[in-house]
Amino acid sequence: RQIVIFIILEIINHKLFKMKNIIFLILLPLLVFSQQPRNMKGVKKADARIIDLLENYGKAYEYEDFESIASYFDYPTTFKAPIGNTILKDKEELIKFYKVARSAEVVGDDYWYSLYKKIKPIWINKDLCIMDAFYNRYGKKYNLVHEGRALYMFRKTENGWKIFDVTIVPN
């Protein structure tokens, strides 16, 4: 008789255990996906700060302000493009590089200004962020002359957020 009671209790406990697990598995996604990251405001602030830096860098590029362009970078800086890769070890090398990269021979005689269409932040950790940026270049008659995409890698330094890698994504 004790064995029968023991078996019945085991069956009940087993069914309850299974039921608890099923309920837990049903509620788990609700618990996980309904939680907002604790530091959401901090991330949004950092997103806005880095996007602002990227847009200001774009304006410096547009105006051929090479000193200002150089201030957005941390060294060494890597540039990767379909035509080749380069590592720039300091400000002087970067300015020399941008004088060629921003020349009419590279961007075209008709280039007037650029606008970012979409910028998507991709956080690697709290001190490293990739900005996936889609941009358009326009001509002097406000005509579209180029659509492009670049990945800008930013790192947090003691002097603020700085670009240390630019990858041009081929169309």
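Start by selecting strand 3 (residues 111–125) and strand 4 (128–139): the two pair in the antiparallel sense over 12 bridges. Two strands count as paired if DSSP finds at least two bridges between them. Strands are DSSP runs of E with at least two residues, helices are runs of H or I with at least four, and both are numbered from the N terminus. Strand 3 and strand 4 form a hairpin, with 2 residues between them. Within this pair, pick out Ile122, which stands opposite Ile130 in strand 4.

The model on screen is predicted: local features need pLDDT of at least 70, side-chain atom pairs count only at pLDDT 80 or more, and totals for chains, interfaces and linings use all residues. Residues are numbered from 1 along each chain as its sequence is written, and side-chain values use heavy atoms, with hydrogens and water left out.

Now show the whole chain. Its secondary structure comes to 5 helices and 6 strands, and the elements run α-α-α-β-β-α-α-β-β-β-β from the N terminus on. Of the 171 residues, 30% count as buried, where buried means under 20% relative accessible area, exposed means over 50%, and partly exposed lies in between (1.4 Å probe, protein chains only). The chain exposes about 12200 Å², of which carbon and sulfur atoms supply 61%; accessible areas come from the Shrake-Rupley method with a 1.4 Å probe, and for residues only the protein chains shown count as cover. Among contacts between residues at least 6 apart in sequence, 47% join residues at least 24 apart; a contact means heavy atoms within 4.5 Å.

Next, go to strand 1 (residues 73–81) and strand 2 (residues 84–88). These run antiparallel and are joined by 5 bridges. They too form a hairpin, with 2 residues between them. Select Thr77 and find its bridge partner in strand 2, Leu88. Then look at Pro76, also found in strand 1: a cis peptide bond joins Tyr75 to Pro76, with omega about 0°.

Move to helix 3 (residues 66–71) and select Glu67. Leaving aside residues up to four places away in sequence, Glu67 touches Lys91 and Ile95.

Two loop residues come next. Glu64 is in the loop between helix 2 (40–62) and helix 3, and its phi is near 55°, a positive value in a residue other than glycine. Is Glu64 buried or partly exposed? Glu64 counts as partly exposed because its relative accessibility is 41%. Tyr142 lies in the loop between strand 4 and strand 5. Tyr142 is not a glycine either, yet has a positive phi of about 65°. With 60% relative accessibility, Tyr142 counts as exposed.

Finish at the largest pocket, which holds about 810 Å³ of space. Of the 32 residues that line this pocket, the closest to its centre are Tyr61, Ala101, Val106, Arg137 and Ile168. A pocket here is an open set of points on a 1 Å grid over the protein atoms alone, where a 1.4 Å probe fits, with protein on both sides within 12 Å along at least five of seven lines; lining residues have an atom within 4 Å of a point. Strand 5 (residues 144–157) gives the largest share of the lining, 5 residues. Colour the lining by type to see 21 nonpolar, 8 polar and 3 charged residues.

Terms used. Points joined across faces, edges and corners; volume = space filled by probe spheres on them. Nonpolar A, V, L, I, M, F, W, Y, C, P; charged D, E, K, R; others polar.
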